[in-house]
Amino acid sequence: MPDLHDLVTTLAAPWVVLSPRSGQLTGTGAEGVYARDRRILSRLEITVDGRPPKPVHVDEPASSTTRYGAVLDDLGDAGHDPTVTLLRTRQVDGAGVTERITVVNRSHDTVDCELIVALGTDLAGTAAVRSEAAADLPAIEPTADADGLHWDDGSGVRANVAFDPAPDLNQSWRLKVDPGESATVTLRLTASFPPATAFTIEPPAARPAYDGVELDCDDQRISRWIRRSLDDVAGLQLAADGGERYLGAGPPWYLTLFGRDSLISAGMLIPVDPQLAAGTLRALAAHQGSRVDPAAAEQPGKIPHELRAEVADHGGGLVLPAAYYGTHDATQLWITTLHKAWRWGMPEDEVRALLPNLQRALSWIRDYADPDGDGFLEYIDESGHGLANQGWKDSRDSVQWPDGTLATAPIALCEVQGYAYAAAIAGAELLDAFNLDGGADWRDWAAALRERFRATFWVDGYPAIALDAAKRPVAGPASNMGHLLGTGLLDAAEEAAVAKQLASPELNSGFGLRTLSTAMTQFNPLGYHTGSVWPHDTAMAIQGLYAAGHPATATSYVQGLLTAAESFDYRLPELYGGEGIDHETTPTPYPLSCRPQAWAAAAAIAVVVAALGIEPNVPAGTLDLTPATVLPWQRIKLEGVRVGDHVLSIRVSDGMLTVA
């Protein structure tokens, strides 16, 4: 898989450009311009008089804009000061990419130079680029148009580049630039696509700026983290059929609707963008499972894992249909996100319209999620070409015993049981509130699950990550247990036991929560799910720790995320290394990590809201505000919190709470 971390990302979904710090696209690795699961352009290289510019600066004023500065050493005045520079301003919008290439002459003489732009593409699918199968694809020959070039792969995908001014020949321009003047060449890249077979990936009608969300704090790092994260959230927004907004999970591989990722991200962002959650819920409900199809892992009532325009062959036998349902937690998360949106003020008529989907989702939990009838939700890939693991840790080695042996499927993950308990209780409350039958039955179901979990999952004083095919609890501390906090599945003593595990140096890296304990044989600080740190995973544990009354441990994790955010210029990646603060001053980047990434960006809002203890119940007419007794800050003010029809400003200073 090509590395991503060191690439500069310019984003306005569904379009994204990934380049090195030079701004050049050389056709290697993951470099390129992407849209709607295709690499639209793989090469965009500039030379001046046959030589590449010397890069000196990258500026990222917004997620959708990047400015690259370079010097042209062989032009201009003699001496050590550069006098002729090349500036590239790359702007991405929902319909394409505009690139302005400007030669600036600050020398004493007129500069006469030849600018050449080399372009190329293979129009490869993102799955082929990710698996590196695209390396064997031939480049497509361009066809000249009146104002530029186009490439067509025969499938209906067409890339178009228009130039202004028109080139002289073969994308070359003869530029004569007087002293103190500049000359600009502009490229506009667009594309057209055939009708999607399953799902259309579109830009939103309007991209929110989140101007009303302001944070003032005695630790300026949190303000910078919030602002950068919300800018990325805006860039990651997409629209489904009907214009419903949701977040694409992460560029370039995951810029589409993902059940788990989009729900967790939207749920974290409800306090500042409740309409995003409503759109995500409706977009997923429109594709809720309606039949039994093992090839797609579809079942009636099940919420999909991911929706794409076409089949994705990721290599290594992993071939996912355009509509793929191989997730064992998205359905429960859909229910709890609907419940949270309702509590925060989602209009009653909008909630009512989704109640049939709620009932079908609850039916999936009862009728399909527990195929062997043992009372726990377990999964196994029946297709032979889908995901072996179907929780958020979906890599093949994510569930393992202390000696490194992989657990055998069917697998019942601990957090999936926690999500199911929370979904049953949340679903029951919604059923009761809207005068529908079944609330009492779901409370009974949840109570029985709670007792079964207590009797079966605990090992060595903590919940096992999972039960394996033989119904044995898979020992070894992992971050999954943090997701149980706040679900209601555990009692206070059990939550305290989990909090104690999370506070241990084996799991707390100082930069966030390790996915796997350092005590495990196969702990790897750069293992995808076996020792690395994921910001959203840490944020979900933080939410649970604050809710369960363990603020000191929660605050230590907030401080760890802030330290990590600072080291990543406040754009936290999908994941990073778990070596820990005792061994390195900044976390080691994970080379393949998406950056930005939806739930990593959403984590910034989630941890602040959790620390402030904001718990509305708009249907009941209540708002509970209980700031943690141990906070990472002495003074913090969050503006732009949306509760129903109200926009609130919440301030905590020296232990005093003020709401306006």
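Trainee: How do the residues lining the second largest cavity divide by class?
Mentor: They divide into 4 nonpolar, 2 polar and 1 charged. Ala, Val, Leu, Ile, Met, Phe, Trp, Tyr, Cys and Pro count as nonpolar, Asp, Glu, Lys and Arg as charged, and the others, Gly among them, as polar. The lining residues are Ser22, Gln24, Pro53, Pro55, Ala70, Leu86 and Arg88. About 50 Å³ of space lies in this second largest cavity.

Trainee: What sort of model and numbering are we using?
Mentor: This is a predicted model, where local features need pLDDT of at least 70 and side-chain atom pairs count only at pLDDT 80 or more, while totals for chains, interfaces and linings use all residues. Residues are numbered from 1 along each chain as its sequence is written, and side-chain values use heavy atoms, with hydrogens and water left out.

Trainee: What makes a space a cavity, and what makes it a pocket?
Mentor: The work is done on a 1 Å grid over the protein atoms alone. In a cavity a 1.4 Å probe fits but cannot get out; a pocket is an open set of points with protein on both sides within 12 Å along at least five of seven lines. Lining residues have an atom within 4 Å of a point. The whole structure holds 5 cavities of 30 Å³ or more.

Trainee: Which residue classes line the largest cavity?
Mentor: There are 9 nonpolar, no polar and 2 charged residues. Arg90 and Glu99 are among the lining residues, and both types count as charged. The space is about 70 Å³.

Trainee: And what lines the largest pocket?
Mentor: It has 41 lining residues, with Lys340, Gly486, Gln543, Ala547 and Glu615 nearest its centre. By class they are 24 nonpolar, 13 polar and 4 charged. The pocket holds about 1300 Å³ of space.

Trainee: Why is the pair of Tyr528 and Tyr590 called tilted?
Mentor: Rings of Phe, Tyr and Trp (its six-membered ring) pair if their centres lie within 6.5 Å; planes under 30 degrees apart are stacked, over 60 edge-to-face, the rest tilted. Tyr528 and Tyr590 are 5.8 Å apart, centre to centre, with 45 degrees between the planes. Therefore they pair, and the pair is tilted.

Trainee: Where do the two tyrosines sit in the chain?
Mentor: Tyr528 is in the loop between α10 (492–503) and α11 (535–547), and Tyr590 is in the loop between α12 (551–567) and α13 (598–612). They are 62 residues apart. Helices here are DSSP runs (H or I, at least four residues), strands likewise (E, at least two), numbered from the N terminus. Ring pairs also link both tyrosines with Trp392, Trp534 and Trp599 into a cluster.

Trainee: Is each tyrosine buried or partly exposed?
Mentor: Buried means under 20% relative accessible area, exposed over 50%, partly exposed in between (1.4 Å probe, protein chains only). Tyr528 is at 23%, so it is partly exposed. Tyr590 is at 11%, so it is buried.

Trainee: How do you know whether Val104 is buried or exposed?
Mentor: Val104 has a relative accessible area of 10%, so it is buried. Val104 belongs to strand β10 (residues 96–105). Beyond its neighbours within four places in sequence, Val104 is in contact (heavy atoms within 4.5 Å) with Thr83, Val84, Thr85, Leu87, Glu181 and Ser182.

Note on methods: Points joined across faces, edges and corners; volume = space filled by probe spheres on them.
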